Amino acid sequence: MDQSDGWNRMKVLVACEFSGAVRDAFIANGHDAMSCDLLPTDVPGPHYEGDVLDILGNGWDIMIAHPPCTHLAVSGARWFKDKVEEQKEALEFVKLLLDAPIPKIALENPISIISSKIRKPDQIVQPWQFGHGETKATCLWLKNLPKLVPTDIVDGREPKVHMLPPSADRWKLRSLTYSGIAKAMADQWGGSGE
Ligand SMILES: C[S@@+](CC[C@H](N)C(=O)[O-])C[C@H]1O[C@@H](n2cnc3c(N)ncnc32)[C@H](O)[C@@H]1O
């Protein structure tokens with residue numbers, strides 16, 4: 001497709017992503033996408049290894065951001081009193097991402113204090129709405145983007161990722177973006193760039 005079809009190749013920043021899941025879903029649809037994380041990319045592809053705050057002004061059309069939830073997720077509420085400073089910094093980071101000079105933004109996090117300290121999410125999605133038979137409430141804060149429409153509603157209402165056994169990379173496995181949600185983001189938000 002080219003621009004005469006009403007389709008625009010977009011410059012996509014996937015912030016705080018080491019897996020390449022959302023980046024590669026946009027690339028598969030013909031977009032110019034790059035992931036960014038303090039960590040190297042797990043899967044070879046366009047990646048900026050460093051602080052995303054350094055590249056927010058680089059002319060992106062859309063940003064999908066997955067900031068750390070360690071100090072924000074309500075599931076960790078029993079530790080909140082011990083991490084006031086960390087929470088403040090984590091919320092500041094989220095605010096900088098939401099206020100980035102990028103026309104379209106989606107920021108993803110679990111049920112977290114972003115809702116009470118910044119604003120309520122625009123949408124909460126579940127993996128079982130996108131072909132994965134499990135639960136993991138994922139909140140989306142959206143700027144100039146429509147809500148995601150479920151693509152494949154399947155059975156299965158178990159919280160599988162929370163049940164993973166302890167391991168060094170448990171946090172990584174728990175934080176991976178589901179491929180069905182990544183594809184829906186690329187298909188639904190990367191269509192016409194209007
Ligand atoms: C919850 S994980 C998101 C993982 C993502 N869903 C994926 O599939 O790769 C949050 C990530 O944010 C990264 N991160 C934290 N601060 C960052 C910063 N200032 N710039 C870029 N990445 C950052 C962390 O290294 C971590 O990998």
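Reader: Which polar backbone atom is 3.0 Å from a nitrogen atom of the ligand?

Author: A polar contact is a pair of N or O atoms within 3.5 Å. Here a polar backbone atom of Val52 lies 3.0 Å from a ligand nitrogen. This is a predicted model: local features need pLDDT of at least 70, side-chain atom pairs count only at pLDDT 80 or more, and totals for chains, interfaces and linings use all residues. Residues are numbered from 1 along each chain, and side-chain values use heavy atoms, without hydrogens and water.

Reader: What is 2.7 Å from a nitrogen atom of the ligand?

Author: A polar backbone atom of Ser175. Phe18 places a backbone N or O atom 2.9 Å from a ligand oxygen. The protein covers 89% of the 610 Å² of accessible area that the ligand has on its own (Shrake-Rupley method, 1.4 Å probe).

Reader: Which residues come nearest to the ligand?

Author: A residue is near a molecule if one of its heavy atoms lies within 4 Å of it. There are 17 residues around the ligand, and Phe18, Ser19, Asp37, Asp51 and Ser175 come nearest.

Reader: How many helices and strands does the protein have?

Author: Both are DSSP runs: helices are H or I, at least four residues; strands are E, at least two. The protein has five helices and seven strands. Their order along the sequence is β-α-β-β-β-α-β-α-β-β-α-α.

Reader: What box do the C-alpha atoms fill?

Author: Roughly 55 × 40 × 30 Å, along the principal axes.

Definitions and conventions:
A polar contact is a pair of N or O atoms within 3.5 Å; within protein, one must be able to donate a hydrogen and the other to accept it, and residues adjacent in sequence count only if both atoms are side-chain atoms.
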